[in-house]
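Subject: Handover of a structure

Hello,

I am passing this structure on to you. Please look through it first, then read the notes under it.

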Amino acid sequence: MDEIRDFLLSPQEYLDTFWESDVLIWIDWREYDESIIKYINEKLSEEDKVKFTCVEIEKERDVDIILEKNSISTAIPYAEEYTDRDTTLKSLQEYVSPKYQIRWFMGSLGSDTLAFCIYPSAQWEQLEEEFGAEKVAYYFAPIKENSVMFEMGMDEVFNLLEQRGEA
């Protein structure tokens, strides 16, 4: 969490260092969805790891990913034809909530490889108290049910970059 705090204290000064830090989870747009779960699990304690299985199915997408929590199994709700990173990340956020939050590092906006961080919700709340919720969300967007990350169109990306003063 110190890396995020340092970055928020001086984003321009710490940007290059932060890009190289191990707090970021880099996910390529072509990533296998089960790999995303493995990347998230690398950042979690053994007791908090996401339990999942991949099941081959007879649909165009070829696979279902089943999440298991508290003896309840739930399939990630993909479209019939394909799996997608956005749905996987939103389902993971729901799974780890309320104990953890996955946040999208907005410095990666516009790339085909996006960066994410996962920390306990209490630590994100501390950062919001220290720096303000708006500043923290500006750099580390919470993943919500309606979040669009990898499925964002180029016009939307450029509009968002322009709104952020980064275009």
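The model is predicted: local features need pLDDT of at least 70, side-chain atom pairs count only at pLDDT 80 or more, and totals for chains, interfaces and linings use all residues. Residues are numbered from 1 along each chain as its sequence is written, and side-chain values use heavy atoms, with hydrogens and water left out.

The sheet

Helices (H or I, at least four residues) and strands (E, at least two) are DSSP runs, numbered from the N terminus. Two strands pair if DSSP finds at least two bridges between them. Three strands make an open sheet in the order β2-β3-β4, and their pairing is antiparallel. At its edges are β2 (51-56) and β4 (72-75), each pairing on one side only. On average, neighbouring strands of this sheet are turned by 25 degrees against each other, direction ignored; axes are lines fitted to C-alpha atoms, for helices over the stretch in contact, and angles run from 0 to 180 degrees between N-to-C directions.

Six bridges join β2 to β3 (residues 63-69) in the antiparallel sense, and Cys 54 has Ile 65 in β3 as its bridge partner. Between β3 and β4 there are four bridges, again antiparallel, with Glu 68 opposite Ser 73 in β4. These two strands, β3 and β4, form a hairpin with two residues between them, and Asn 70 in the turn has a positive phi of about 55 degrees.

Helices on the sheet

Helix α3 (residues 33-42) lies across β2 and β3 and runs at about 170 degrees to β2. Helix α4 (residues 85-96) also packs on the sheet, where α4 touches β2 and β3 and makes about 10 degrees with the direction of β3. Contact here means heavy atoms within 4.5 Å.

The axes of α3 and α4 cross at roughly 35 degrees and come within 9 Å. Asp 33, Ile 36, Ile 37 and Ile 40 of α3 meet Arg 85, Thr 88, Leu 89 and Leu 92 of α4 in this contact.

A loop residue beside them

Glu 31 lies in the loop between β1 (25-28) and α3. Leaving aside residues up to four places away in sequence, Glu 31 touches Ile 36, Tyr 39 and Arg 85. Glu 31 and Arg 85 are 54 residues apart in sequence, and their C-alpha atoms are 7.7 Å apart. Glu 31 counts as buried, at 16% relative accessibility; buried means under 20% relative accessible area, exposed over 50%, and partly exposed in between (1.4 Å probe, protein chains only).

Aromatic rings

Rings of Phe, Tyr and Trp (its six-membered ring) pair if their centres lie within 6.5 Å; planes under 30 degrees apart count as stacked, over 60 as edge-to-face and the rest as tilted. The structure holds 13 aromatic pairs. One of them, Phe 7 with Phe 140, is edge-to-face, at 5.9 Å centre to centre and 80 degrees between the planes. Because Phe 7 is in helix α1 (residues 2-9) and Phe 140 in strand β7 (residues 140-142), the pair ties together parts that are 133 residues apart in sequence. Phe 7 is buried at 2% relative accessibility, and Phe 140 is buried at 0% relative accessible area. Ring pairs link a cluster that includes Phe 7, Trp 19, Trp 26, Tyr 119, Trp 124 and Phe 140.

Regards
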